[in-house]
Amino acid sequence: MKARHSIRLGAGWLLACALSGAAAQTVRQHDGPAGSVTDLRADGTRAVLPARRPVPLPAGWTAPAGAAPAGAPPVCAATSAAWHGQALPAGESGTLIAAAFMRSTTIDNRGRIAFYAQVDGAARNQGIFLAGPSGLEVVAMGCGGPAGSGVTSDCGDLAPGGGRFAGFFGETWGTPDVNDAGDVLFMADLHDAPHPRGLFLYQAGAARFVRIAAVGEPSPLGGTLTAIGPGSLNNAGDVVLLAATDGQLRSDVLIWRDGVLSKYVAVGDPAPGGGQFVTIGTESWGLADGSQVPGGPVPAINDRGQVAFRGEVTGGLASGGVFVSDHGTHHWLVKRGDPVPGGGTYLDMQAPILNNAGEVAFYADIADGPGAAWVTGKPGQWRRALAFYDPIDTGQVWSLAFSRNPLAALNDQGDLLLTTTILRSDASERGAIVLSRADGSMRLLAEQAQPTPLGGSWGSLDGWPTLNNQRQARVSGGTPGLPGQATTHAILEACGTGAPVLAAAPAPGSVLAFGAVPAGSLSAPLGIDLSNPGGSGSAPDSELRVNHALSDDPAFVVQIVERGPFAAGAAADGQADIEVRCAPDGIGPVSGELTLLTNDPAQPAGGYRYPLSCEGSADDTLFADGFEAAD
């Protein structure tokens, strides 16, 4: 259980931290304060976490060779997505208090970020926002004190089920999630509502809020939900979350799918190989209003419906470790005592981040090795991405941030984006953001006191950067010297060593026309066959991959049959890699648009587009079976 502090930190202190690099991060560090590391809360108070003392380097242990950054340019493009002082869109007043050095954000494959921010100069003083190529968008606005303060007000947006949004959670563990449809998952406290707190999903296509779970509602485990935690969201709109039942401090994993909340894995369930799960959600954050939030480790869910989580087991295999589940069937990935790639054995693991290839990445404490490392891959294909003491540029790794969902730093190509501190030869320590490529090479994308690609220099850096399949890295921090942007959520595009070229049959821009389809039925599929005839450079950068394929109208059902990778020079094989079907729910014309995003750097802004059309028709099955209308 985490301690509470009542120290109030003003906006001036927060800005000073951003500029000086003094902001705290939840990290393990060799020579940090012996008792604790800290996480800044939304109201400026500090929550203190237990921390281990420095781990001595084992006798005879040396860092692996080849860990220095590659010589290619690290960043090929950069944009500011949101920043301190940015005006809110029309219809709202005030400006963002971005505090980007301590506010994490998630990112989708369209380069949009979802985040929490306070608002200066307005009664509606906080919100959940999207920002990207189309600018800043409001998802939900609230007012009153920060979530967990017990202070609410009535000027926020209407919430589903009654009441209004009041406070949102700005802590790292409360970061909202976003999918490629622009749906956003977030936690909120409510004003004048039957339930004081809940987890909500904004569904962009329908422009509506849906309540996923709320404190005081019946629990799928029986009894009552007494604490709701954050969750993770996939492109199908499925949600996995942490929740506690009947006052328990431990929490279980629930899943929300097709509008139904149910148990996914809970304490007492049988574990694979024998025994039972005894703990799953192990963090419980105490808030100023006396309530608790199960803050982690949050499970992950991918587009295949797989779920990854950390658990403790007893009764059979008395151990803890990381699991992946295929539709409720759980499998061990790693457990305490297993060997770590590069040396040592696992002592403990944090939240597993999961990609669509079924790979995970997680922070681990290590015995008889470097002390701690990030590990990624899957059984038989593990690699140690970054560890204490690893050489990096002209220094060595001196701290690492924990893995946390939904802050996905692992993309489908196996690249991993990490925060570290570099100990330089002059004994200076600088926060840095490093891209650990799937091939083992590294790119140093940002470092404190060094110039940013936008201007100015990097101040303190947020400890949880996120990465999408376009190799766009969301890097947030103080940016002293950047005009009008004291703190910034930036999107950096990491350079590759090759490039794919998309070819498709039918070609982008072609209309996929389904003709007449009986209302309430599903049409036969129309397919798109992909190839990579002109890819150049080395793999995997030259390999074509599908990152996103989605319709803007739910009447058109899109399935990605094959995401790739399609090797450079791969010709069309006559098989559909993307299938689209029409499912009209009424009579009359239906139109939409399919958006296809790949890693082809030459694709148009916003992706490749296919117009879609079909005609919902009357179902005359009864007449075809011999019934006739009355005279």
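Strands here, labelled E, are DSSP runs of at least two residues, and helices, H or I, are runs of at least four, all numbered from the N terminus. Two strands pair if DSSP finds at least two bridges between them.

Now the ground rules. This is a predicted model, where local features need pLDDT of at least 70, side-chain atom pairs count only at pLDDT 80 or more, and totals for chains, interfaces and linings use all residues. Residues are numbered from 1 along each chain as its sequence is written, and side-chain values use heavy atoms, with hydrogens and water left out.

Start with strand E28. It covers residues 360-367. How many of its residues are buried? Eight of the eight, so E28 is largely enclosed by the rest of the structure. Buried means under 20% relative accessible area, exposed over 50%, and partly exposed in between, with a 1.4 Å probe and protein chains only.

In a regular strand, side chains alternate between the two faces of the sheet. In E28, Val360, Phe362, Ala364 and Ile366 point one way. Ala361, Tyr363, Asp365 and Ala367 point the other way.

Next, the partners. E26, residues 345-349, pairs antiparallel with E28 over four bridges. There, aspartate 348 stands opposite aspartate 365. E27, residues 353-354, is also antiparallel to E28, over two bridges. Isoleucine 353 faces alanine 361 in that pairing. The E27-E28 hairpin has five residues between the strands, and glycine 358 takes a positive phi near 80°.

On to E29, residues 372-377. Six bridges join E29 to E28, again antiparallel. Aspartate 365 has alanine 372 as its bridge partner in E29. This hairpin has four residues between its strands, and aspartate 368 in the turn has a positive phi of about 60°.

Now threonine 487, in strand E38, residues 487-494. Buried or exposed? Threonine 487 is buried, at 2% relative accessible area. Its C-alpha is separated by 8.9 Å from that of glycine 85, 402 residues apart along the chain.

Last, an open sheet. Which order do its four strands take? The order is E41-E48-E47-E44, with mixed pairing. E41 (512-518) and E44 (546-551) stand at the edges with a single partner strand each, so one side of each is left without a neighbour in the sheet. Further in, E47, residues 588-598, and E48, residues 608-617, pair antiparallel over nine bridges. Leucine 596 has tyrosine 608 as its bridge partner in E48.
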